[in-house]
Structures are given as structure tokens and as C-alpha cells.
Amino acid sequence: MIRSVGSFILPLVFSATLAFANPVSAAGDYPTATIADYVLGCMQTNGQTRQALESCSCSIDVIASILPYVHYERAETFKSMSLTTGEAAGLFRESAPAKAARAELKRAQAEADVRCF
């Protein structure tokens, strides 16, 4: 009986440790490269300081807590594709899904700005 209690407690302790070590994974499954790319871009805009690092890291954490990764990825794709030229790019600028995805990302970024900057 003691053996079964010990095997029950160990997974709980391990789970709690993982949740504490990586709080973003609880909010969303953003790949490390996406997080790093966001933070680096944010720091280019806000300065290469320790404060900018902390604010930009906070910002992507807030965004990840609001938007599932698939929504973030969709919005970023529409955003980058809308910058291309030509008639076909209008689909990425003017379609209802494109506008909705960009608006959702904008709201999450606004919340992140309020909380982190």
C-alpha cells in the first residue's frame, strides 16, 4: 500500500515541477523558435536592454495565454502574406478570415502591452 501511494505522489510532484518550470506550456504549445523570434523582433523595436527582454518575454507569454498557437500562426501567416504585392495578395488583406485573425492577434498584443510595458 505504501508503494502505491509513493507512485501516486511522484507523478504529481513531477507534473507540478514541469508546470512551474514552463508556465507557457500550460497556456499554449508555442514552439521555442516562435517564442525566440517574437522576443528578438520585439527587442529590435523596443531596444536591446534587459528591461526590453523582460517586457518582450512577458508579452509573448500573455499572447500565448490568450491565443492558441494555431490562431497565432494563422494570424502571423495572414500578416506576412498581406505584405506581398499583386492581386492575389488581396486575399490575405481583405478576406474575412484574414481580418478576423489579424484582429484577434491585435487584441492579444494590446492586452500584452497593457500587462507588460
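Is Ser-95 buried or exposed, judged by its relative accessibility? At 16% relative accessibility, Ser-95 counts as buried, where buried means under 20% relative accessible area, exposed means over 50% and partly exposed lies in between (1.4 Å probe, protein chains only). The structure is a predicted model, in which local features need pLDDT of at least 70 and side-chain atom pairs count only at pLDDT 80 or more, while totals for chains, interfaces and linings use all residues. Residues are numbered from 1 along each chain as its sequence is written, and side-chain values use heavy atoms, with hydrogens and water left out.

**Figure 1. The whole chain has seven helices and zero strands.** Helices (H or I, at least four residues) and strands (E, at least two) are DSSP runs, numbered from the N terminus. Along the sequence the pattern reads α-α-α-α-α-α-α. The chain has 117 residues, and 26% of them count as buried. Its accessible surface comes to about 8000 Å², and 64% of that belongs to carbon and sulfur atoms; the areas come from the Shrake-Rupley method with a 1.4 Å probe, and for residues only the protein chains shown count as cover. A contact means heavy atoms within 4.5 Å. Among contacts between residues at least 6 apart in sequence, 60% join residues at least 24 apart.

**Figure 2. Ser-95 lies in the loop between H6 and H7.** The side chain of Ser-95 reaches the backbone oxygen of Leu-91 at 2.9 Å. A polar contact is a pair of N or O atoms within 3.5 Å; within protein, one must be able to donate a hydrogen and the other to accept it, and residues adjacent in sequence count only if both atoms are side-chain atoms.

**Figure 3. Helix H7 covers residues 96–116.** The expected span of a helix is 1.5 Å times one less than its number of residues. For the 21 residues of H7 this gives 30 Å, and the end C-alpha atoms are 30 Å apart, which agrees. Ala-98, Ala-101, Leu-105, Ala-108, Ala-112 and Cys-116 of H7 are buried. Seen down the axis of H7, these buried residues fall within an arc of 105°, so they line one face of the helix; the arc is that of the directions from the helix axis to the C-beta atoms. On the other side of H7, Ala-96, Lys-106, Arg-107 and Val-114 are exposed. The cover over the buried residues of H7 includes helix H4 (50–66), helix H5 (69–81) and helix H6 (90–94).

**Figure 4. Cys-42 and Cys-56 form a disulfide.** A disulfide is a covalent bond between the sulfur atoms of two cysteines. Here it is assigned to a pair of cysteine sulfur atoms within 2.5 Å, and a search of the whole structure finds two. The sulfur atoms of Cys-42 and Cys-56 are 2.0 Å apart. Cys-42 lies in helix H3 (residues 32–46) and Cys-56 in helix H4, so the pair ties together parts that are 14 residues apart in sequence. The torsion about their S-S bond is about -75°, so this disulfide is left-handed. Cys-42 is buried at 10% relative accessibility, and Cys-56 is buried at 0%.

**Figure 5. A disulfide joins Cys-58 to Cys-116.** The S to S distance is 2.0 Å. Cys-58 belongs to helix H4 and Cys-116 to helix H7, so the pair ties together parts that are 58 residues apart in sequence. With -65° about the S-S bond, the link of Cys-58 and Cys-116 is left-handed. Cys-58 is partly exposed, with a relative accessible area of 27%, whereas Cys-116 counts as buried at 10%.
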